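Subject: Handing over a structure

Dear colleague,

I am passing a structure on to you, and below it you will find notes on what turned up when it was examined. Please have the structure open while you read.

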Amino acid sequence: MKQSMTLIPTLREVPADAEVKSHQLLIRAGYIRQNTSGIYSFLPLGKKVLKKVEDIVREEMDNAGAAELLMPAMQAAELWQESGRWYSYGPELMRLKDRHNREFALGATHEEVITTIVRDEIKSYKKLPLTLYQIQTKFRDEKRPRFGLLRGREFLMKDAYSFHASQESLDEVYNIMFTAYSNIFTRLGLDFRAVIADSGAMGGKDTHEFMVLSEIGEDTVAYSTKSGFAANVEMAPVMANYERKTEQIKDLEKIATPNQKTIEEVADFLDVSSSDCIKTLGFKVDDKFVVVLVRGDHEINDIKIKNLYQASVVDLASPQEVKEQLGCPIGSLGPINLPTSVEIVADAAVEYIVNGVAGANEEGFHYKNVNPSRDFNISQYCDLRFIKEGDMSPDGEGVIQFAKGIEVGHIFKLGKRYSEAMGATYLDENGRAQHMIMGCYGIGVSRVMAAIVEQFHDDNGIVWPDAVTPYQVHVIPVNAKNDVQAGLAEKLYGELKDAGFSVLYDDRQERPGVKFADSDLIGLPVRITVGKKAEENVVELKWRKTGDMEEISVEQLIQTLRRNIVQ
Ligand code: 9G3
């Protein structure tokens, strides 16, 4: 492609509203342009990269035995009413009316649509399992679109759905998809982690997120320094083996702690460490009031409380609710002498506290020398805290570190949630109607493009991995007015294309500095500069990734490229 024939509007200055590198560089290098908040056009270079990402996703989906189809973005409201999600989703679900005033959703995802297709077409267990996928535009009216393609309101997603007659069959396809996703992100050159994102059960079975590590990621991944363990920090189970201090158990003692409310204040006042303190909090778990204990240096993980009680809503109780329930102010709460009707659960670490400190359920007083087994009884000790950096990895190998991540993929075992809602049944081998078991598997294709730029750029611009670069070779004559240079550049352009390379030829009448700066910004893997030595049939090669430069004869050029560019 000649640059004079395409559209690559590079910019010198950084767009004001672009906060992250991928957003800045994709705009400056002329890959995308914003239409309005969260909505982008992909200019020619951007479209080429998007297609490269799609093609890798498509190849791996086909290898995984999934069949590609294409579903509509316009979805009849009735479908979402049947699944109930018409009512459960708020303004994030884009809705519109047609000329007959009929209501529609703009597809944010396609569980309803795909389930009705399969419901209507599949009647026998012999036709299962079936995995279908599409690569299609999604609409989600994000409250705060930001970071360019990383969180848009219209974006490209690959969404796949699998249908099964048994859990084993779902497990099998889920694992196949897990492998396919690992292949995809490896081929894209991304440093990613497959992260347990389910309700904390070790070796989680229900859902995994695929996270690209990046400090601008919105999610926090807890991962092991030694093994492949990685979990969403909210979900990470804690498998710590705590030590009990060996000191002599002392008598309980009530002490005045005037105006000392927080754990830090009390620990400071009594000159003990927060890990010897017991933090006592009241929670509303659905409509139940529960007292939760956690060691003073740990944080309570309300998602784990929610999972423990299989609750739909878990909130910290308000000060007045605590006062009503326990008759004391929230800052003096403690586990000792609570009404026996109050349910108390504690994180596992609390059990190992010796001669600790806890609130006395009386304004301005605490207990010291608190020993759990002697001074209060716990209905159950369980894993209720957030995992921390430095904790042992739950799989016993290595230590937990945190990293920020960009979620680029998410795979789920859906079960019968949608087949029951939409009445998708098949006749089993005994002729009995059964609801299909489903899985679903998403990749944010346009988000992946931005995540790649986040991981592959330098001060001068984007550094595309070979697998997704819009073109493989950039041919640039230093002086387009010099017949020898322009002539050789034109010749190389043709020869390289004939040799099977994709080539971008900068035939613009621009100063060399501008062309070189643009070339670094655009980020193709290799640049061939045709300059003064053109009459000796010598050109200069510059590798974008390393910056290495070498002079090379035209004869050697093609095999040198063949040796260094992954086709
Ligand atoms: C909506 C809106 C936003 C949404 C959803 C529905 C996220 C929604 C979860 C999924 C699950 C999987 C198939 C591909 C992989 C992900 N945000 N999700 O369902 F109406 Cl406005 O999309 N769907």
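Where does asparagine 259 lie? Asparagine 259 is found in the loop that runs between strand S13 (253-256) and helix H7 (263-270), and its phi is near 60 degrees, which is a positive value in a residue other than glycine. Please keep in mind while reading that this is a predicted model.

As for the overall layout, the protein chain is divided into three parts, namely domain 1 (17-183 + 417-453), domain 2 (253-382) and domain 3 (471-564). Taken over C-alpha atoms, the centres of domain 1 and domain 3 are separated by 40 Å.

In the side chain of threonine 109, an N or O atom is 2.9 Å from a nitrogen atom of the ligand, while for glutamate 111 the distance from a side-chain N or O atom to a nitrogen atom of the ligand is 2.6 Å. With arginine 140 the ligand contributes an oxygen atom, which is 2.9 Å from an N or O atom in the arginine side chain. Of the 500 Å² of accessible area that the ligand has on its own, the protein covers 86%.

Two further places in the chain may be of interest to you. Leucine 128 and proline 129 are joined by a cis peptide bond, with omega at about 0 degrees, and proline 129 has its place in the loop between helix H5 (111-121) and strand S7 (130-139).

The other place is threonine 546, which lies in the loop between strand S30 (538-543) and strand S31 (549-553). A polar atom of the threonine 546 side chain lies 3.0 Å from the backbone nitrogen of aspartate 548. Threonine 546 and phenylalanine 402 are 144 residues apart along the chain, and their C-alpha atoms are separated by 29 Å.

Conventions: Residues are numbered from 1 along each chain as its sequence is written. This is a predicted model: local features need pLDDT of at least 70, side-chain atom pairs count only at pLDDT 80 or more; totals for chains, interfaces and linings use all residues. Side-chain values use heavy atoms; hydrogens and water are left out. Domain bounds come from an automatic or database domain assignment. A polar contact is a pair of N or O atoms within 3.5 Å; within protein, one must be able to donate a hydrogen and the other to accept it, and residues adjacent in sequence count only if both atoms are side-chain atoms. Accessible areas come from the Shrake-Rupley method with a 1.4 Å probe; for residues, only the protein chains shown count as cover. Helices (H or I, at least four residues) and strands (E, at least two) are DSSP runs, numbered from the N terminus.
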